[in-house]
Structures are given as structure tokens and as C-alpha cells.
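I opened the model today to look up a helix pair, a sheet and some chain totals. My notes follow in the order in which I took them.

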Amino acid sequence: MKDGPIVIGARLRSVLQLERAISHKLRHRLLGLAAFLTLLLLAVFLVGYLAHGAIVFWMSRLLGAVLIVLTIWLSLFLLELYFRSHYYNYTQSFYTALTLLYDCHENKDAITHFLSHPIGHWLLLRLGILELEQKTYLESRMNDKTSIFLCRDLDAAHVETLSSLLLALFEKDNSFATFLRTHEITGEDIVGASEWYLKEEERSRNSERWWSRDGLSRIPAIARDFAYGHTYILNRFGRDLSTEALVSSVDHSLESRSIDLERLLLVMERSTESNALLVGEQGAGMFELVLDFARLVASGQVPPPMDRMRVVLFDSMSFIAYSRKRASIGSDLLNVMTEAAVAGNVILVIEEFPNLIESARLEGTDIIALMDPFLSRPILPIIALSDADGFHASLEQDASLMRRFEKLPIREPNEHEVTLALFDEVRMREAHFGLFYTYQGLREIAQGAKRYFPGAVLPDKAVDILEEVTTFVFRAGGTMVDRDEVLKIIEKKTGIPLGKMASGEKEKLLNLESILHERVIGQEEGISAIARTMRRARSGVTNEKRPFGSFLFLGPTGVGKTETAKALAAIFFGSEDRMIRLDMSEYNDDNALDRLLGTFESEKPGVLSSLLRANPYAVLLLDELEKGSREVQQLFLQIIDEGEFKDARGKTVNARTTLIIATSNAVADSIYSIVLRKEKPEDHREELIAEIVERNIFAPELLNRFDAMVFYRTLTQAELGQVANLMLKSFAARLKKKGLTLVINDVLLRHVIKHGYDPKFGARPMRRAIQDRIEDLIARRLISGNIKRGDVVALTEEDLV
Amino acid sequence: MAEKPTPGFNPGEVINRFIANGILRVVGFVARLTIILMGIVSVAATVMLGPLMFLFWLFAPFILLGLALLGVYYLTFPL
């Protein structure tokens, strides 16, 4: 039967008490001192014995001292063995949980106990709760007799792991939970911080355990390769990873790699065709995976055929550089491989495999045919590395090659795994820069790297951000790297307003309706729908796997659809120019998709994919979506749904940081007639949607994907007057730059409305009226010299006739 | 990529190579032999010390007690 935690707890209690009385670090020092004293006294004794030839009076006393010190040494040593037999027998998590609680008296408050414990203190600091805040809370808790959570209320299940214990404390005690919530700390954060603590402890615990297999195998062996051949040529272009892996294996562990490593081992253990082809991007951890593999091989944790083989990294690039000159890539490679196969203890890792093949091809050599004898027989296991592009371009089509290799795509690590990897990265930087990183900061880096830099490779990108935040905080003279600092950096890099909503932005969001109304006249219902959706997006409650927002604007032309999109670009991405506009009427033929996504044959990049790659943070405006072909509409359905798509080369293009706005004047006529009846289109929503579906303009599933469908109604005459006013104002502003002041008076307004009013076409004719009548008039006068710079122009009825 | 021999038969070079290779082989032989002997000695030592350590482990409490008593005896009643 498995021992329950309480039974084990009792057994561990003595160990824990020993640990508290004299920590094992101190014990190790005592042990060393006793050993030293014993040996010293023994040496003196021996020297004396040799000098006198017999045991004289003082020497027998010395012998007594030697024996007593030796007894002390051995006792300490045995005590240490006792300690270790328990210490290393339980998981770090369980051990830590017990360390926290074993001396908590039944009637003591568990939270107070936790907070005054060094581990609890460490955890709260990592969660961003400063010393002073901890103290204040502790004091207020001690004074408040009502909030008590007794240690005896914790049952066995709670102390099984550190995180279960912490979650129990978090969930069972209201006052503590409220305290953490005011600091925006969730249960997940607590678990994350405890993982960090355990990772650090585990590290120091394992580094003490020199006698473990992993520890012993770190000592390089001699004479291991006596029985194998020497690789003279390979050594010129190769690096022996087995020695490298042993040195650097302590840091940089990425849990996600363990799955990939498992799969790699399965391939390499095969008796024939034990060749793996790793496909992944630079920085995705492909090289680290090979290092992990080399470490396993070097420490003998693999089946016998592979045991202690040399994992040699073959530097293709310098090999090509060397052999190309002599046009002998093929024969040189053959030499390298023959030599490695004859040596009998080499696992060959080939970097940049597609490059090697291509270079040889240029030379007229078919490397694949040359390699085939080595690939098909078990004499030389090969691991080839390739990036995705090279794989698609030069490897994938070759059936004979793909038969020899087992393709292993490198999995991208998820947020949690990236956070774990960051723990390792932080350790050195904390010591070097004297900074303190909070858990939330690191988690934000991991999340941000994934969410806002979708094309980038993890965990590389996360480490880059960490680097930038570190130097940023260090230069600013700060001491703590918190969530806010990380958000600031991401904001700087992307231009997307993030972070604690600055008061300015808060106002912007709360007053989004009125800000939009400054530029868009009328359309109250539509604008409030947009504002609601945007507030939802900005508060962070939306789905991260979708675009920032997606809207379908329906209505006649010239009523403010494009203007709204521009306004949103200005508000959320800082400038009107942050808008990608695609006229969907251009994409209604058979090769529309090819033009949007690019084609594989012509290698021409697609319009949509390159625009989105160049401007990932922008409003994507799809004008007249109904005119695009069905396939194109399907594509956007997918983009809105998943926030990303694949281009012709199979590379993912991200749209999660864009705001997608589609416009359509599909049911403009119906909206017009509704408005003529003096009713609101919003009240006829169902009818209009039914009409769209019936007339087969959009598929119902596409309509359902949009965050909001907004109906723009025809503008009334009064509203058009306001539009005219706005347009004239912007015209006046342009004139102002030329040094002219245009007075916008009633005469002018009336004139524009008179000639530009057409309820069917909205504000469009109005713009034309201003252009044809007012701009033209002023231009002519400027040229003829009737008006000049510095003049104030007020047009009268006579002028306008 | 290998060293290129000069064309034709060159007795001086052949003797040179013979001597150099011979010396290197002797050095290699001695070095390897030493290492292998050291290995054998350590394996033998481990095999022999193992049972001794096991015996010590079994009787550790008594041995420790005995050592302490003996130590005190020598301190109090020097020879």
C-alpha cells in the first residue's frame, strides 16, 4: 500500500527537524572539517611514528584524538546518509509542502505560518507583493481575530504537492484570497510561482547529488574511444557535442523538448534506417534538442548500440565553403561519411541539410544517391537538420530521401513551457544586473511573445523580450521587472496600446462613442455597437485566437463606413495610415486566391500575406466584401475564425493583431427604403440578414463569424449638413497651411448642400460639390491673383453663382 | 584532403616515416597500457573494498562505539 502523506510526514518529521536545527549546508561544512582534522592528526601521528620508530607517550594521546575525531566524522557521515535516503526519496514538491507545514501547530493560523516562513516570503515576493505589503497584511491579520484558518483544517490531500497546498490556502481563506486578488494574483499565478521555486530548489538539490548517474556521467571519461577509429577529416568540420552537452546540460531545459526527445530516441534506436530529419525554425530549440540527445547518449541513458557514441555536429556551411572551391563536395562528403562509418562510434548531425544538397546539385552531384548506402544500413546513424522553407524546397519532393529519413517536426512550446524556460534565463540576469523579476512579468513575456509576435519563434522571441526589458529597466535605474515594464516594452515594439490602461486611454475607451462621432455623423446605433465590442476587446476578455475585432459594416455608400474604419485606426493604432485597404471587387476571378496568398509556382508573394506581414498592427479594411469571389469570402471566414492563415508556401500569417472591417452595400436599397419609412434599420435586423442570406450575398456562417454587424443608414439632410461642415473644415485646414483663411458661413454651407445633397449616395456627391465648386473657385482666384497668402476669404452669394 | 606524398620513390622519406610512426606507436602503446592498468587496478580495488564496506555498514554502530571508547581510553591512559 502506498503511504499516505501523513504517515510519510511523520517519518520525514525527524529529517525536517534535523534540517531546521542544522541545515545540510552547515552539516556539509562540519563534515569537511572533521575529515580534514582526522587526516591532519593522522598525518602527524604517522610522521611521529616514522621519526621515533615506536609509539611514544604523546603519540598515544594523539592516537586517542584521531580516533575520537574519526568517530565524529563517521557519525556525521552516517547521519548524512540517513538524511539523503529520505531527502532524495520524495518529490521536491511534497518535501517543500511538508517543510512549510510540518511544525504548524494544530491551533495555529496556517496563513500566518505560511507568510512568516522563508518559502512563503519568497513566493509572495515573486508574485510582486513587496516586503512592506506582506508585513502590513500579516499585522492586520493578527489583529483581526475573525480571519483564522487553522492548520488542522488542512487535510492530507492538501499537502500532496506544493501547488495543492498553496491553492488550498488561497481557496479556503477569504481574507487571504481577497488580499491576493487586490494584487491581481490568480490561482494560476500561485501555481506558476511555486513551479519556479521548485525548479530552483530542484536545481540546487540535484547539483548536490554528485553520485547520481547524471552527475557522474558529467566527468569526462578517458579511454572510451580506444577501440574505435579516428576521424581525421570529420574533426576538421565537426564539433563533438558529447563533451559540450555535458558541460551545458544543467541550464536551459525546456519541458516541451522532452516529447520531441522521446520521438527522436525512438527513431535513433531502430536497427535500420535510424535516421531522423528534424524540421524547425532557427531558435525553435532544434539545436538544443540535439544537445539533449547528445547528453543522454554521453551519460549512457540510451540502449546499448548507441551507448557512449560520439554525437558529432557536422558544420555544413564551412564544409561547403571549403569544398566548393575544389568542386569536390561529393567526394569529400563521401570521405567524411566513410571515415565516420569506419570509426564505428559516430552519430552524425548534419546542419543545414537542404543547403548541402543544393550546393552539391549546383556542382552536378547527387548527394542523396551518394548517401543512400549509409542511410539504408545501420553503420552510420544520421540526424539531419532543416528549416521549414528548405524542407519544402529541396527535401520534401524526394521520395527516396524521405523513405530513408523519419521526419520529426519540432513542436512549438506553449506559454507555460516558455515561462518555465524563462526561469532559467532569469537566473543569470538577476545575478548580473541586480534586478528582481516577478512571476507575472515572465508570464507576460511568454504570453506577449506568442500573442503579439506571431511569426516569431519561441522561446527565442521571449528571451529577446526578456533581454530588452532587462536593459530597459536597468538603464532606467529600476530594480524590479514587473508586468507593467514588460507591457511597456511590448507596447513600444508593436504600437498597440497595452498595459494598465493609462487614464488617457481609459477615457478614450469610455468615450469611444463621442470620439467616433467627432468624425462620423449620425449612425448612433452602429457606433455604440462598435464601441461596446472594442471595449470588450481592450479589457482582455476576448478570445486571443481571433483578431482584435471583426466588423461587417452594411449600408449605402457615403454614409461613413470608411470614415469609421479610419477613425478606429487612428484611435487604436495611433494613425489613420495604419489601415490596409483591399478592394474586394478586384478579387472575384478564378485566380483571386492566388493573388491574395501567392502561388507556389511563380514564387510571387500574395498581396494579403505580404501586407499583413508588413503591417501586423493595423485595420484591415475589406471594401465591398460581397464582390469578392466565394473562395475569397471563405478565406476571410477562416481568418476571422482563427486569426491566422497559411500562405502558398505553407507559412502561417497572423491576423490576430489586426482589426478586420468588411464593408458592403449589399442591402443598401432595403436600408434606404426602411429609412424612407422613417424607421431604423436596426429594428429590421432580422429581415435584412434574411435578405442577405436569401439573395446569397454572404453565407450565413460568414455573417455569424463577425463580432458585430453594423447597419449604416442613409443620412438625413441635417446630418449631411454636418458632414458638409466637417468637409469644409478640413478643406479650410488645408488652405490654412497655404496661408489662407476660409470663413465657413451659412451661404457656403447652403450652397454645398444644395448642390451636393443626394440621399441615395450620401456624402460622396457632397465631396464632389466641394471639389467642383468651392475648391475650383478658390484655385482660380489664387492663380489669377485675386486672393493671395494671408487673405481671409469669405464667399458671398454673388461669388457662388 | 590527405597529405600528398612527393612523386617517385624516396628512401629518406620512407625511413623518416617509419621511425616517426614507430615512435608514435610506442608512445601510444605505453600510454594506453598505463591507462588500462590503472583501470584494472581501480576495478580490483572496488571489488575487494566492496565487501569490507558492507561489513562496516552492518556493524557501523558497534564499530563507532568501539572507536570512541578506544579513543577515550588512549587519551586517559596513555601508553
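**Helix pair**

In this predicted model, I looked up how helix α8 (residues 162-172) of chain A packs against helix α9 (residues 174-182) of chain A: the angle is about 100° and the axes lie 5 Å apart. I count 65 to 115 degrees as roughly perpendicular, so α8(A) is roughly perpendicular to α9(A).

I then listed the residues in contact. From α8(A) they are L169(A), F170(A) and K172(A); from α9(A) they are N174(A), F176(A), A177(A), L180(A) and R181(A). I sorted the residues of this contact into five nonpolar, two charged and one polar.

**Sheet**

I traced an open sheet of five strands in chain A, with parallel pairing and the order β10-β11-β14-β9-β15. From one strand to the next I get an average twist of 20°.

I checked one pair within the sheet. Strand β9 (residues 549-554) of chain A runs parallel to β15(A), and four bridges join them. One bridge links L554(A) to F711(A) in β15(A). I also found helix α34 (residues 685-694) of chain A packed on the sheet, where it touches β9 and β15 of chain A. The direction of α34 makes about 105° with that of β15(A).

**Chain totals**

For chain A I noted 39 helices and 17 strands. Of its 801 residues, 49% count as buried. The chain exposes about 38,200 Å², of which carbon and sulfur atoms supply 55%. Among contacts in chain A with a separation of 6 or more, 76% join residues 24 or more positions apart.

Note on methods
Residues are numbered from 1 along each chain as its sequence is written. Chains are lettered from A and ligands numbered from 1 in the order in which they are written. This is a predicted model: local features need pLDDT of at least 70, side-chain atom pairs count only at pLDDT 80 or more; totals for chains, interfaces and linings use all residues. Side-chain values use heavy atoms; hydrogens and water are left out. Axes are lines fitted to C-alpha atoms, for helices over the stretch in contact, and angles run from 0 to 180 degrees between N-to-C directions. Helices (H or I, at least four residues) and strands (E, at least two) are DSSP runs, numbered from the N terminus. Angles under 35 degrees count as roughly parallel, over 145 as roughly antiparallel, 65 to 115 as roughly perpendicular and the rest as oblique. Contact means heavy atoms within 4.5 Å. Ala, Val, Leu, Ile, Met, Phe, Trp, Tyr, Cys and Pro count as nonpolar, Asp, Glu, Lys and Arg as charged, and the others, Gly among them, as polar. Buried means under 20% relative accessible area, exposed over 50%, partly exposed in between (1.4 Å probe, protein chains only). Accessible areas come from the Shrake-Rupley method with a 1.4 Å probe; for residues, only the protein chains shown count as cover. Two strands pair if DSSP finds at least two bridges between them.
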